[in-house]
Amino acid sequence: MKQLFYILLIFGLIYFCYWYITRTPDIVTVTGSLRVLEEKTPGNFYNASIHGTAANTGDIPAKDIWIVYKIGNEEVTAYINELPPNKSVKFRTGISKTKVKDPQVELVNVRYNE
């Protein structure tokens with residue numbers, strides 16, 4: 001039983017090393033901030049969106065970039081067609097309706113093609 005545990009541990013370490021060496025590095029970095037309109041819409045909702053900057057830190061262009069944020073419980077996205085190497089571009093997500101003036105914001109993921 002002890003030998004089986006050691007064998008599984010060794011295979012797990014080998015797999016982790018393989019994954020770490022062969023993974024693709026993240027070449028798109030994203031920073032964003034929440035913007036909330038002060039005016040309330042009908043039903044006492046605030047309109048909120050994310051405004052930010054996406055930068056390509058790699059040596060190859062990134063295409064079809066999807067940036068997904070979560071405002072409260074609703075996901076909002078931004079799309080960038082192409083981002084050349086060592087360049088940055090400003091983006092804005094779609095609008096989310098929220099009841100609170102300062103909702104929680106979370107970057108869910110950034111997907112792109114090389």
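The model is predicted: local features need pLDDT of at least 70, side-chain atom pairs count only at pLDDT 80 or more, and totals for chains, interfaces and linings use all residues. Residues are numbered from 1 along each chain as its sequence is written, and side-chain values use heavy atoms, with hydrogens and water left out.

- Let's start with helix α1, which covers residues 2-22 and contains F16; helices (H or I, at least four residues) and strands (E, at least two) are DSSP runs, numbered from the N terminus.
- Y15, F16, Y18, W19, Y20 and I21 make a nonpolar surface patch of about 780 Å².
- Members of a patch have over 30% relative accessible area and no salt bridge, with like charges joined within 9 Å and nonpolar side chains (Val, Leu, Ile, Met, Phe, Trp, Tyr) within 5 Å.
- A salt bridge here is a side-chain nitrogen of Lys or Arg within 4 Å of a carboxyl oxygen of Asp or Glu, and accessible areas come from the Shrake-Rupley method with a 1.4 Å probe, where for residues only the protein chains shown count as cover.
- F16 is partly exposed at a relative accessible area of 46%, and W19 is partly exposed at 42%; buried means under 20% relative accessible area, exposed over 50%, and partly exposed in between (1.4 Å probe, protein chains only).
- Y18, also placed in helix α1, counts as exposed at 54% relative accessibility.
- The C-alpha atoms of Y18 and T93 are separated by 36 Å, with the two residues 75 apart along the chain.

**Aromatic pairs**

- Six aromatic pairs turn up in a search of the whole structure; rings of Phe, Tyr and Trp (its six-membered ring) pair if their centres lie within 6.5 Å, and planes under 30 degrees apart count as stacked, over 60 as edge-to-face and the rest as tilted.
- One of the pairs joins F16 and W19, which is tilted, at 5.9 Å centre to centre and 35° between the planes.
- F16 and W19 are three residues apart in helix α1, so about one helical turn separates them.
- Together with Y20, F16 and W19 form one aromatic cluster.
- Y69 and F91 make a stacked pair, because their ring centres are 6.5 Å apart and their planes are at 25°.
- This pair links distant parts of the chain, with Y69 in strand β3 and F91 in strand β5 (residues 88-92), 22 residues apart.
- Y69 is buried at a relative accessible area of 5%, and F91 is buried at 7%.

**The nonpolar core**

- The largest nonpolar core has 17 residues, and those with the most contacts inside it are V28, V30, A54, I65, I67, Y69 and F91; such a core is a set of buried Ala, Val, Leu, Ile, Met, Phe, Trp, Tyr and Cys residues joined through side-chain atoms within 4.5 Å.
- At least two residues of this core come from each of β1 (28-36), β2 (46-56), β3 (62-71) and β4 (74-83), and β3 gives the most, with five residues.
- Beyond its neighbours within four places in sequence, F91 is in contact (heavy atoms within 4.5 Å) with residues including V30, I50, A54, I67, Y69 and I80.

**Positive phi angles**

- Most residues other than glycine have a negative phi.
- D64, which lies in strand β3, has a positive phi near 50° and is partly exposed at 30% relative accessibility.
- N86 sits in the loop between β4 and β5, has a positive phi near 55° and is exposed, with a relative accessible area of 57%.
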